Amino acid sequence: MTPRSTPPRPAPEPAPTADQATEDAMSNATTVSPAHSASTASTLITNIAALVTNDPSLGDGSPLGLIQHAAVVIEGDRVVWTGDQSKAPATDNRVDAGGRAVLPGFVDSHSHLVFAGDRTQEFNARMSGRPYSAGGIRTTVAATRAASDEELERNLTHYLAEALRQGTTTFETKSGYGLTVEDEARALRIAAAHTDEVTYLGAHIVSPDHADDPAGYVSLVTGEMLDACAPHARWIDVFCEKGAFDGDQARAILTAGKAKGLHPRIHANQLSYGPGVQLAVELDAASADHCTHLTAEDVDALANSRTVATLLPGAEFSTRAEWPNARRLLDAGVTVALSTDCNPGSSFTSSVPFCIALAVRDMRMTPDEALWSATAGGAAALRRDDIGRLTPGAVADLILLDAPSHVHLAYRPGVPLVSGVWRRGERVV
């Protein structure tokens, strides 16, 4: 489900507001005043050099369904027409894309945005080759517990506005930095005010309060904490890894969540070989995330399931860890998503374009595959078919690039190419 209709409120930072960004973007496109209210008016975006629809029945027949010299019509919050610009119907409004590319909005299906503090010193030490003995996730847990609701929401909305300016129109986010009943529930309440794609991650690590009683913590996560958190979440997640939760604990946690109506996702096989991927497939998890250390059996299981392999190259970039083998997964027929894993410890980026560039350069994905994975792939990881594509009936979430082709996202890494964003049919950047 897409972010709610109220645009995220940016924190009081020097970064431009959504209104300022919209004014800047509007200087690059020609718009005719609407004839009707925004909720009912139709808008034609024309003079598109290349339109990515993610519908292989359209355009060039590729998975991207690429249409050259294209146009798209939005009415209300939906796409109602796509095709050759010469055949476009009459509309109330008109936007001239000026020979730029138009893409579906990015779908960031894995993030950890309800937190306080940062871990700058930890990152600096890691990149400098110095030992650092601070608490990792526990450092963020302490800061998050100490923060007020207002501080947590201000931080969340700041990073949502940052991501929106870079083209993210749908995002998932998790709890996991509270690890008490009260703190996990409030994290989910705060997140649920901004997206319906909310994930309960009480099983991020064993809470420091239960360091000597991990079984007791699993009982809390599957009992009182789950009862408090389930009303605010759609998903349940667990970090299945040595030092976190083993396969049996992860199965118990995800099964308890399913009994409460939450659908599983799982942090799987990030740091070592383990049972996470097989458990994801067994429980029909929507997504197995990270997928760095995979056996042939793991790849085969993913290829023969509905479970999406969500790759998070920001984490490998920020930790100098081994890159996942995206080529191996794609060649086996696995559905792959790309997401940011935005979090203060191991992947502090909100930029999907940056992750696309990393995936192309260091994970051997083609530019087409990386874009599909960051849009339609992310939608698949959220079990959604109304986002991540630009075809009639889809939600009108789209990006205008200051470039003639989506390939520029990897070709010009680090350049702010997103010059316009529409979310649910309204221009917000």
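## Stop 1: the cysteines

Start by looking for disulfides: the count here comes to 0. Keep in mind as you go that this is a predicted model. A disulfide is a covalent bond between the sulfur atoms of two cysteines.

Select Cys-342 and Cys-355. How far is the sulfur of Cys-342 from the closest cysteine sulfur? That closest sulfur belongs to Cys-355, and the gap is 9.1 Å. A disulfide needs the two sulfur atoms within 2.5 Å, so the sulfur of Cys-342 is too far away for a bond.

Cys-342 is buried, with a relative accessible area of 2%. Now jump to Cys-291: Cys-291 is buried too, at 1%.

## Stop 2: helices α4 and α5

Next, select residues 149–165, which form helix α4, and residues 181–192, which form helix α5. Two packed helices are described by the angle between their axes and the distance between the axes. For this pair, the axes come within 10 Å and cross at roughly 45°. That angle makes α4 oblique to α5. The crossing of α4 and α5 is right-handed.

Which residues make the contact? Show side chains for Asp-149, Leu-152, Glu-153 and Leu-156 on α4, then for Arg-186, Ile-190 and Ala-191 on α5. Colour them by class and you get 4 nonpolar, 3 charged and no polar residues.

## Stop 3: Gly-178

Stay around α5 and pick Gly-178, which sits in the loop between β8 (173–174) and α5. Is Gly-178 buried or exposed? Its relative accessibility is 3%, so Gly-178 counts as buried.

Leave out residues up to four places away in sequence, and Gly-178 touches Val-141, Arg-145, Asp-183 and Glu-184.

## Stop 4: helices α13 and α14

Now move on to helix α13 (residues 352–362) and helix α14 (residues 367–374). Their axes are 9 Å apart, and the helices pack at an angle of about 140°. That makes α13 oblique to α14. The crossing of α13 and α14 is right-handed.

To see the contact, show Val-352, Ile-356, Ala-359 and Val-360 from α13, together with Pro-367, Ala-370, Leu-371 and Ala-374 from α14. What classes do you find in the contact of α13 with α14? There are 8 nonpolar residues, with no polar and no charged ones.

## Stop 5: two positive phi angles

Time for some backbone. Most residues other than glycine have a negative phi. With that in mind, select Asp-284, which is not a glycine, yet has a positive phi of about 55°. You'll find Asp-284 in the loop between α9 (276–282) and β13 (287–290). Asp-284 is partly exposed, with a relative accessible area of 24%.

Finish at Arg-383. Here phi is near 55°, again a positive value in a residue other than glycine. Where is Arg-383? Look in the loop between α15 (376–381) and β16 (398–401). Its relative accessible area is 24%, so Arg-383 is partly exposed.

Note on methods:
Residues numbered from 1 in each chain as written. Predicted model: local features only at pLDDT ≥ 70, side-chain atom pairs only at ≥ 80, totals over all residues. Heavy atoms only, no water. Buried < 20%, exposed > 50% of the residue type's maximum accessible area, 1.4 Å probe, protein only. Axes fitted to C-alpha atoms, helices over the stretch in contact; angles between N-to-C directions. Helix = DSSP H or I, 4+ residues; strand = E, 2+ residues; numbered from the N terminus. Parallel < 35°, antiparallel > 145°, perpendicular 65-115°, else oblique. Left-handed = near helix turned anticlockwise from the far one by under 90°. Contact = heavy atoms within 4.5 Å. Nonpolar A, V, L, I, M, F, W, Y, C, P; charged D, E, K, R; others polar.
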